[in-house]
Amino acid sequence: MSNSLMGNMLVESVMERAIKDKMKEQQAKQQEEERRRAARRQYEEEDEDDCDDEDLKEMLKKMREQRAKELQEAMLKKNKGFGEYREIVEEEFLPSVTKSEFSVVHFFHRDFERCKIMDKHLLAISQQHPETKFYCLNAEKAPFFVGKLQIQVLPTICLFVNGVLKNRIVGFEEMGGKDTFETGTLAHILLRYGMIKVRKGSNDEDSSDEDK
């Protein structure tokens, strides 16, 4: 077996283990959070049923509302990074693509004009689609993953689902090969690959309608 093939198998094995471990961790946390919420709801409902004092009932209601607000704020903090486009370094690559369901990673070169154009469109799309995480990675500073993912053209966008590479967008070919393509054109391609969802009033919705 060649060293190259063994290297590829090792990377796939490491990524697969990382994905499985992360999914188990997230599932355990989610189950524990659901268990705690269910226990709190049951406790509060029992308290309210046993209470005849209207003032106390109102106080319990406000406490529930406050807890719901705190939970919402905690969820927003937990989902920090969604709805934005940020640069990562090579060491962050694997943790980044395995900790969310949908990840879009732009391999770029700082001096390439087309990479700057891609940045502009991905930034706009990311702000409309908090369901997906958008990253950019300097190809010059990420030789390991550039080699393992066989990145040969910049820009290249790699599309990950639960840490597994599903598709890639190489250069501007899918956007018609022109530098003047619209943001909606790229958004529709991501939509077609299942990386984002249609949102009313967004560029991808307009592009989708035109495609029909």
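Visitor: Buried means under 20% relative accessible area, exposed means over 50%, and partly exposed is what lies in between. On that scale, how does Asn162 count?

Guide: The model is a predicted one. In it, Asn162 has 28% relative accessibility, so this residue counts as partly exposed.

Visitor: Where does Asn162 sit in the chain?

Guide: Asn162 belongs to the loop between E5 and E6. These two strands form a hairpin with two residues between them. Phi of Asn162 is near 55°, which is a positive value in a residue other than glycine.

Visitor: What about the peptide bond from Leu154 to Pro155, cis or trans?

Guide: The bond from Leu154 to Pro155 is cis, and its omega is near 5°. Pro155 also lies in the loop between helix H5 (143-148) and E5. As background, most peptide bonds are trans.

Visitor: Let us step back to the whole chain. How many helices and strands are there?

Guide: The chain has seven helices and six strands. Read from the N terminus, the elements follow the order α-α-β-β-α-β-α-β-α-β-β-α-α.

Visitor: What share of the residues count as buried?

Guide: Of the chain's 212 residues, 35% count as buried. As for contacts with a separation of 6 or more, 64% are made by residues 24 or more positions apart.

Visitor: On to the sheet. In what order do the strands come?

Guide: Five strands make up an open sheet, ordered E2-E4-E3-E5-E6, and their pairing is mixed. Strand E2 (85-88) and strand E6 (164-170) are at the edges; each has a single partner strand, so one side of each has no neighbour in the sheet. From one strand to the next, the twist averages 25°.

Visitor: Which strands does H6 lie across?

Guide: H6 lies across E3, E4, E5 and E6, and runs at about 150° to E6. H3, for its part, lies across E2, E3, E4 and E5 and runs at about 130° to E2.

Visitor: Is H6 mostly covered or mostly open?

Guide: H6 is mostly covered, with eight of its ten residues buried. Among the buried ones are Thr183, His188 and Leu190. Just after H6 comes Gly194, with a positive phi of about 80°.

Visitor: Which residues of the largest nonpolar core touch the most other members?

Guide: In that core of 24 residues, Leu186 and Leu190 touch the most other members. At least two residues each come from strand E3 (102-108), helix H4 (113-128), strand E4 (133-138), strand E5 (156-161) and helix H6 (183-192).

Visitor: What does Leu186 touch?

Guide: Setting aside residues up to four places away in sequence, Leu186 touches Met118, His121, Leu122, Ile125, Ile157, Ile169, Met175 and Phe181.

Visitor: How many residues are in the second, separate core?

Guide: The second core has 15 residues, including Ile88, Tyr135, Ala139 and Leu149.

Visitor: One last topic, Glu90. Is this residue buried or exposed?

Guide: Glu90 is buried, yet has no salt bridge. Lys148 is the nearest side chain of opposite charge, and it is 11 Å away. A salt bridge requires a side-chain nitrogen of Lys or Arg within 4 Å of a carboxyl oxygen.

Visitor: What is Glu90 in contact with, then?

Guide: Neighbours within four places in sequence aside, Glu90 is in contact with Leu137, Lys141, Ala142, Pro143, Phe144 and Phe145. Glu90 itself belongs to helix H3 (residues 90-98).

Note on methods. Residues numbered from 1 in each chain as written. Predicted model: local features only at pLDDT ≥ 70, side-chain atom pairs only at ≥ 80, totals over all residues. Heavy atoms only, no water. Core = buried A, V, L, I, M, F, W, Y, C linked by side-chain atoms within 4.5 Å. Buried < 20%, exposed > 50% of the residue type's maximum accessible area, 1.4 Å probe, protein only. Helix = DSSP H or I, 4+ residues; strand = E, 2+ residues; numbered from the N terminus. Contact = heavy atoms within 4.5 Å. Lys, Arg positive; Asp, Glu negative; His and termini not counted. Pairing = 2+ DSSP bridges. Axes fitted to C-alpha atoms, helices over the stretch in contact; angles between N-to-C directions.
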